[in-house]
Amino acid sequence: MEVCVEFWGDFACFSPPYEKVERLSYPFPTPSAARGMLSAIYSKPKEFYWQVTKIEVLSPISYISFKRNEVKETVSDKPVNTDDCRTQRQTTALKDVRYRITAVICPRPDFSGTESQLYRQALRRIRSGKCFMQPCMGLREFAAYFEESDGIRQPIPEDYDAGLMVYDVFDLHDFALRKKTCPKLSLFHAVMKQGIIEVPPYDDPQVLKTGGGLLC
């Protein structure tokens, strides 16, 4: 089985890790961003994880640039004074976006139920428009709306080689199974052919992984 969901919104920004200050979006979502959108709808991290298999670009790729007021400091135990920490940063984002994301559910080894149970629950939530939190297109303020795909819309007739793209920032086998999960970057060669990006499984040799946690 598989799940096929269409997401759309006014803006999207899927920026690589090295574009934290002046953000420049990839031309289409990363598998990590697609997994995040699906997890906002239905997620049981101790029971399964989403494996994205295909991303289809349904609207023409179009960029927009603007400046945004941001806070430089991260939230910690001490309160943050936004007047002292505010700064303007440039963002080059995508506009008027729509994507079709196809994914499968991968149960964890200790999951005692059946895959069909997970798929039924996921489809019920998608069809009724329920979500744990509002899905977003890369940045929290870029809200994403969703519905089960009817397959009518066709991908854009374009090819694009995005080079090495972020696949995920966590080890999908380890994510949410520990109290503290260390980021572990993985990359893959992202190629769009006639609007379609085929995403290899996380364990595929095409997915390049770092040797260990980056921030632990």
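Which strand gives the most to the lining of the second largest pocket? That would be β8, with 4 residues. This is a predicted model, in which local features need pLDDT of at least 70, side-chain atom pairs count only at pLDDT 80 or more, and totals for chains, interfaces and linings use all residues. Residues are numbered from 1 along each chain as its sequence is written, and side-chain values use heavy atoms, with hydrogens and water left out.

**Overall layout**

- The protein chain has 3 helices and 10 strands, where helices (H or I, at least four residues) and strands (E, at least two) are DSSP runs numbered from the N terminus.
- Going along the sequence, the pattern reads β-β-α-β-β-α-β-α-β-β-β-β-β.
- The chain has 216 residues, and 43% of them count as buried; buried means under 20% relative accessible area, exposed over 50%, and partly exposed in between (1.4 Å probe, protein chains only).
- Take the contacts (heavy atoms within 4.5 Å) with a separation of 6 or more: residues 24 or more positions apart account for 73% of them.

**The largest nonpolar core**

- A nonpolar core here is a set of buried Ala, Val, Leu, Ile, Met, Phe, Trp, Tyr and Cys residues joined through side-chain atoms within 4.5 Å.
- The largest one holds 54 residues, and the members touching the most others are F7, F14, F28, L38, W50, V52 and M137.
- At least two core residues come from each of β1 (3-12), α1 (31-41), β3 (48-57), β5 (86-107), α3 (115-128), β7 (160-168) and β8 (186-193).
- The top contributor is β5, which gives 9 residues to this core.
- Setting aside residues up to four places away in sequence, F14 touches L24, S25, Y26, F28, P29, A33, L94, Y99, M137 and G138.
- As background, nonpolar side chains tend to be buried together in soluble globular proteins.

- Helix α1 is mostly covered, with 10 of its 11 residues buried.
- Those buried residues include the charged-class R35, along with P31, S32, A33, A34, M37, L38, S39, A40 and I41.
- R23 sits in strand β2 (residues 23-24) and counts as buried because its relative accessible area is 15%.
- Beyond its neighbours within four places in sequence, R23 is in contact with C13, S15, R68, E70, Q90, T91, T92 and L139.

**The second largest pocket**

- On a 1 Å grid over the protein atoms alone, a pocket is an open set of points with protein on both sides within 12 Å along at least five of seven lines, and lining residues have an atom within 4 Å of a point.
- This pocket has a volume of about 170 Å³, meaning the space filled by probe spheres set on the points.
- Its lining is made up of F188, H189, V191, K193, I196, I197, E198, V199, P200 and Q206.
- Both β8 and β9 (196-198) supply at least two of the lining residues.
- By class, the lining has 6 nonpolar, 2 polar and 2 charged residues; Ala, Val, Leu, Ile, Met, Phe, Trp, Tyr, Cys and Pro count as nonpolar, Asp, Glu, Lys and Arg as charged, and the others, Gly among them, as polar.

**Positive phi**

- D96, in strand β5, has a phi near 50°, a positive value in a residue other than glycine.
- D96 counts as exposed, because its relative accessibility is 51%.
- Q194, in the loop between β8 and β9, also has a positive phi, near 50°.
- Q194 counts as partly exposed, at 44% relative accessibility.

Conventions
1 Å grid on protein atoms, 1.4 Å probe; cavity = no way out; pocket = protein on both sides within 12 Å on 5 of 7 lines; lining within 4 Å.
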